[in-house]
Amino acid sequence: KIGAMGTGAMEFSQPDTLGNAIALSSFRGKYVLVEFWASWCSPCRAESPNLVKAYNEYKNDFTVFSVSIDVQSARQKWLEAIEKDGTNLWPQVFNQVGGTSDASLLYGKIGNIPANFLLDREGKIIAKDLRGLQLEEKLKEVIENKN
């Protein structure tokens, strides 16, 4: 099943804030949290401080790959949200909805956001929908205890 635990993450490439394509596979060798969010989503924005904290603590072995599902006309709001929330520490990409590389469809048609998938160093899904302390606890488990 797409997006199921233990399966390999589906590869995709999307444009970042500068329009450069970034591929998910470019982060192999690190734990990666693929985070689906939108600038208008209050629960997504409320999760930003937790992501920043986890990133700062584990950035040697971990990164976040944020995928915005904002509509194209909201691009400026997306950029402002990244700046305001301090989530410009890691790659932020804009999902190309409806295209052949629509990341939200590749992961089982993301319906509710925030939604995330934690990938191991080889790109396999090892956890889903981690929030707040759950993310830190999981990172501590996999990074500190299994190095």
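**A close look at strand 4**

Author: Let's start with a pairing: strand 3 (residues 31–37) and strand 4 run parallel and are joined by seven bridges. This is a predicted model, in which local features need pLDDT of at least 70 and side-chain atom pairs count only at pLDDT 80 or more, while totals for chains, interfaces and linings use all residues. Residues are numbered from 1 along each chain as its sequence is written, and side-chain values use heavy atoms, with hydrogens and water left out.

Strands (E, at least two residues) and helices (H or I, at least four) are DSSP runs numbered from the N terminus, and two strands pair if DSSP finds at least two bridges between them.

Now to strand 4 itself. Seven of the seven residues of strand 4 (residues 62–68) are buried, so the strand is largely enclosed by the rest of the structure. Here buried means under 20% relative accessible area, exposed means over 50%, and partly exposed is in between, with a 1.4 Å probe and protein chains only. In a regular strand, side chains alternate between the two faces of the sheet. In strand 4, F62, V64, S66 and S68 lie on one side, T63, F65 and V67 lie on the other, and all of them are buried.

On one hand, V67 is the bridge partner of F36. To get from strand 3 to strand 4, the chain passes through helix 1 (residues 42–58) in a right-handed β-α-β crossover. Right-handed means that, with the strands pointing away from the viewer, the path from the first strand over the helix to the second runs clockwise. On the other hand, V67 has V93 of strand 5 as a bridge partner. Strand 5 (residues 92–94) pairs with strand 4 in the parallel sense over three bridges. Strand 4, helix 2 (residues 75–85) and strand 5 also make a right-handed β-α-β unit.

The side chains of D85 and R45 meet in a salt bridge of 2.5 Å, N to O. This pair links distant parts of the chain, with D85 in helix 2 and R45 in helix 1, 40 residues apart. A salt bridge is a side-chain nitrogen of Lys or Arg within 4 Å of a carboxyl oxygen of Asp or Glu, and the whole structure has five of them. R45 counts as partly exposed because its relative accessibility is 23%.

Please also look at C44. C44 forms a disulfide with C41, their sulfur atoms 2.3 Å apart. A disulfide is counted when a pair of cysteine sulfur atoms lies within 2.5 Å, and the count comes to one. The link of C41 and C44 is right-handed, with 80 degrees about the S-S bond, and both C41 and C44 are buried.

Finally, back to the neighbour, strand 3. Seven of the seven residues of strand 3 are buried, so this strand too is largely enclosed by the rest of the structure. Y31, L33, E35 and W37 point one way, and V32, V34 and F36 the other way. Strand 3 also pairs with strand 6 (residues 115–119), in the antiparallel sense over five bridges. There, V32 has L119 of strand 6 as its bridge partner.
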